[in-house]
Amino acid sequence: MKAFDRPKLRLFVEARLHAGAEIAATPGQAHYLGAVMRAAPGSLLGLFNGTDGEWQARITSLRRDRAVLAVEQLLKPQAAEPDLWLAFALLKRQATDLLVQKATELGAAALLPVLTARTQAERVNEARLRAIAIEAAEQSERLTVPRIAAPQSLAALLDTWPAGRTLVAAIERVPVPDIRPRPAPTALLVGPEGGFTEPELDALRSHAFVHPVTLGPRVLRAETAAIAGLALLQARNPPS
Ligand code: SAM
C-alpha cells in the first residue's frame, strides 16, 4: 500500500499487533467507527499500540457497540520518537485538556502534572487525560501515546529528577537565555496561570539540571508557553 492511500481511520489498541490477529474493538471504538465515521464491514483502518508499529486492519463485523478488526499488514514500523517530556503546573480543566492534546500532537513522550503554590487545581482525571492523549495520537499519526504521570509537588519533581535529563524551565520577565533546540533527553517546565513564586524560582535555580529560559518579551498563557516551548525545543535549522 502506498503512503498516500493509507487509511485515514486510526485507532489505538492495547492488543499486540501482527498479521492474522483478530481484535475486538471497545464499545466506544465501535460507536466511533459506525456512528461517527460511517465505516462498515470491509472498511480499512490503521491500528497502533505504541510498540508494534502501525498495521492495516479490516473491519470484519460491526454492530452498535461491537466490532472485530482483522489485522492484515504492517503499514509503518515502530520508530524512535523524541525523548522530550512536558512538566506543567496543573491548569483549569479546559486549559489542561488543550495542553494534553497539543503536547501529544507535538510529540511529548511524557506529561508530568505539577502542583505549585499558585496551582489552581489539585486533581486530574487521569482516564480522561489519557483518552484525550489517545485521540490526539490517533489524529496526528503518532505511533505512541504519551505517559501521563500522577500529579506531584514541584519539590518532589525536583527531588526525584532523573540524572542526565535537562529541565528547561520557562520563566517570564527575567533576563534568561532564549529557548533553543536541545538534544534529548530534555523536559520543558511551564508554570501556573499565576506564575512561579520567588521561593519556587529560587528552588529551580538551585539545581544544576534546571536551565531557565525565556520565550520572548510577552507574557504568554501557560498553555501557549507549553505549545511554543515544545515546538522551539524541537526546531530544526532551515536548509541552507
Ligand atoms: N501570571 C504571571 C504574571 O503575569 O506574572 C504569568 C504566568 S504565565 C501566564 C504562566 C507560565 O507560562 C509561566 O509560569 C511561565 O512558565 C510561562 N511563560 C509565559 N510567558 C513566558 C515567557 N515570555 N517566557 C518564558 N515563560 C513564559
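Counting salt bridges (a side-chain nitrogen of Lys or Arg within 4 Å of a carboxyl oxygen of Asp or Glu) gives 9 of them. This is a predicted model, where local features need pLDDT of at least 70, side-chain atom pairs count only at pLDDT 80 or more, and totals for chains, interfaces and linings use all residues. Residues are numbered from 1 along each chain as its sequence is written, and side-chain values use heavy atoms, with hydrogens and water left out.

One of those bridges joins the side chains of Arg10 and Glu54, at 2.9 Å from N to O. Arg10 belongs to strand S1 (residues 10-12) and Glu54 to strand S4 (residues 54-63), so the pair ties together parts 44 residues apart in sequence. Strands here are DSSP runs (E, at least two residues), numbered from the N terminus.

| Residue atom | Ligand atom | Distance |
|---|---|---|
| Ile171, backbone N or O | nitrogen | 3.3 Å |
| Arg173, polar side-chain atom | oxygen | 2.5 Å |
| Leu215, polar backbone atom | nitrogen | 2.8 Å |

The protein covers 87% of the 580 Å² of accessible area (Shrake-Rupley method, 1.4 Å probe) that the ligand has on its own.

Conventions:
Polar contact = N/O pair within 3.5 Å; in protein donor to acceptor, adjacent residues only side chain to side chain. Helix = DSSP H or I, 4+ residues; strand = E, 2+ residues; numbered from the N terminus.
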